[in-house]
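Colleague: I'm new to this one and would like a hand reading it. Could we start with the charges?

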Amino acid sequence: QAQVQESGGGLVQAGDSLRLSCVVSGRYTMGWFRQAPGKEREFVAAIIRNGANQRYADSVKGRFTISRYNPKNTIYLQMNSLKPEDTAVYYCAGSNRWDMPVTIGEYDYWGRGTQVTVSS
């Protein structure tokens, strides 16, 4: 059972940047999801094991960047030009798949989440 731990959330203003980190105990396809109050958890970004390919939700494309540093088993989500609608709990997840899935059920290991709040 892989361990997944997110960090880096906080309270920022609209237009600011924030970087989330995720440490995982193993090498997996990794994804970031988010869940706003009263809404379903949604896909944000994914990255394959060697970091060569990434995938993004349309709502964050051009503003967010997912990356990874495998020597430290760490995955990052750089979030720029943040908007109030980006406010959510952000979850890091690992998948045993070799592609970049976008659905919750295709991820096997989950962290507990980190809160990101963007004020207007």
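Modeller: Lys and Arg count as positive, Asp and Glu as negative, with His and the chain ends not counted; each charge is placed at NZ of Lys, CZ of Arg, CG of Asp or CD of Glu. Here, the mean positions of the 14 positive and 10 negative charges are 6 Å apart. This is a predicted model, where local features need pLDDT of at least 70 and side-chain atom pairs 80 or more, while totals for chains, interfaces and linings use all residues. Residues are numbered from 1 along each chain as its sequence is written, and side-chain values use heavy atoms, leaving out hydrogens and water.

Colleague: How many helices and strands does the chain have?

Modeller: Both are DSSP runs, numbered from the N terminus: helices are H or I with at least four residues, strands E with at least two. This chain has zero helices and 11 strands.

Colleague: And which residues touch the most other members of the largest nonpolar core?

Modeller: Such a core joins buried Ala, Val, Leu, Ile, Met, Phe, Trp, Tyr and Cys residues through side-chain atoms within 4.5 Å; buried means under 20% relative accessible area with a 1.4 Å probe, protein chains only. Among its 35 residues, those are Trp32, Leu77, Met79 and Tyr90. Strands giving two or more residues include strand 3 (18-24) and strand 8 (74-79), and strand 5 gives the most, five.

Colleague: What does Met79 contact beyond four places in sequence?

Modeller: Contact means heavy atoms within 4.5 Å. Met79's partners there include Leu18, Phe64, Tyr90 and Val116.

Terms used:
Buried means under 20% relative accessible area, exposed over 50%, partly exposed in between (1.4 Å probe, protein chains only).
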